[in-house]
Amino acid sequence: MRIMVVDDEEIIVALLLEHLGEMGFNDVTTATSGEEAMEIIAAQDHPFDCFLLDIKMEGMDGIQLCSKIREMPQYRIAPIIMITSAAAKLHMNEAFEAGATDYMPKPIEQIDLRVRIQVAMLLVETVKSDAESRLALKTLLTSAPETRGFDPSMRITYSDVPNMRDYFQLENRLLRLNEGTYALTLLSVEIEGVDALDGRLDQGEFLEVIEAVAHIIGKTLPASGATMSYVGYGKFICLVVVRNHIVPNLLQARVRDAFRAYLAGHRILAPGDLELKVSALSQKRMLSSDIAISLIRRFVGNLGGNTDTLLPPIASVQDRIFRNSRPSKAKSE
């Protein structure tokens, strides 16, 4: 895994390099400012897999840098871990809105770093698996275009869709919020009629519809404070952290109009075959992160009538993932 560390404190950079090296991560690039980091990123032939950014820096701070990194297509869903002091922790909500994945407090503890990197590795593995699945799907469709049918449980994330993240990243954002209640709007957007389409659409056509709906939702949700994930079975989860409450009926009217126009223009299906339905996961205007996570997990756990559709807990896979990151004994010798 290629890691970039950006911090203007030399002692923090040295400590991170030491801890990361002990964990088997030697492909680490450092920068002492946001401006320097942007120059290094622009010069790369191969993208970084993960970023560790200090929030408080002279000039371009970590939040601004995080936002600029997120604007690059190759880094739309890359793990970005913010390094925070006790005072800077107050700005973490801004960092999450800029696209941060996680945060790590100063002083740096190796155990804490290990946990954060494990989470980042899970996200990197998810992204790479998604890319491999797309390639395999493209190959399959090219070699057997007459094949019909699709897998409704398939999850996918489109990096060019505004505010779209993998489900794990959406949940992780809630897990990293400070204690207290927030003005949260939790919504589901369902493509009604998906169950009746098996055999009428192939996988490529199905994913084309999913991508179109993702773009429609991404353009309709607020530009700031929104996160959306596709969780399979034609359903999306939308998390919006804004003071102004999102009215489901108004959102539904807007996305329905755009979706009907899409169907009419592409002629993949007949008018009325599919429709978009927007529902609130909670009627409350203020929610704690724990309650929000519980509501989301309940929704995802009921997809397809199978509780196994949830992502596996980190505890069940972290040892395998972290073990794969270490050099073998033979190599180290």
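This is a predicted model: local features need pLDDT of at least 70, side-chain atom pairs count only at pLDDT 80 or more; totals for chains, interfaces and linings use all residues.
Visitor: Where does Pro-107 lie?
Guide: Helices (H or I, at least four residues) and strands (E, at least two) are DSSP runs, numbered from the N terminus. Pro-107 sits in the loop between β5 (102-105) and α5 (110-143). Residues are numbered from 1 along each chain as its sequence is written, and side-chain values use heavy atoms, with hydrogens and water left out.

Visitor: Which residue has a positive phi although it is not a glycine?
Guide: Tyr-233, with phi of about 60°. Tyr-233 is in the loop between β7 (226-232) and β8 (235-241).

Visitor: At what angle do α2 and α3 pack?
Guide: Axes are lines fitted to C-alpha atoms, for helices over the stretch in contact, and angles run from 0 to 180 degrees between N-to-C directions. Contact means heavy atoms within 4.5 Å. Helix α2 (residues 34-42) packs on helix α3 (residues 62-70) at about 20°, the axes being 10 Å apart. The two are therefore roughly parallel, a label for angles under 35 degrees.

Visitor: Which residues make the contact?
Guide: Gly-34, Ala-37, Met-38 and Ile-41 come from α2, and Leu-65, Lys-68 and Ile-69 from α3.

Visitor: What does Ile-296 touch?
Guide: Leaving aside neighbours within four places in sequence, Ile-296 is in contact with Tyr-167, Leu-170, Leu-174, Leu-186, Ile-237 and Leu-281.

Note on methods:
Angles under 35 degrees count as roughly parallel, over 145 as roughly antiparallel, 65 to 115 as roughly perpendicular and the rest as oblique.
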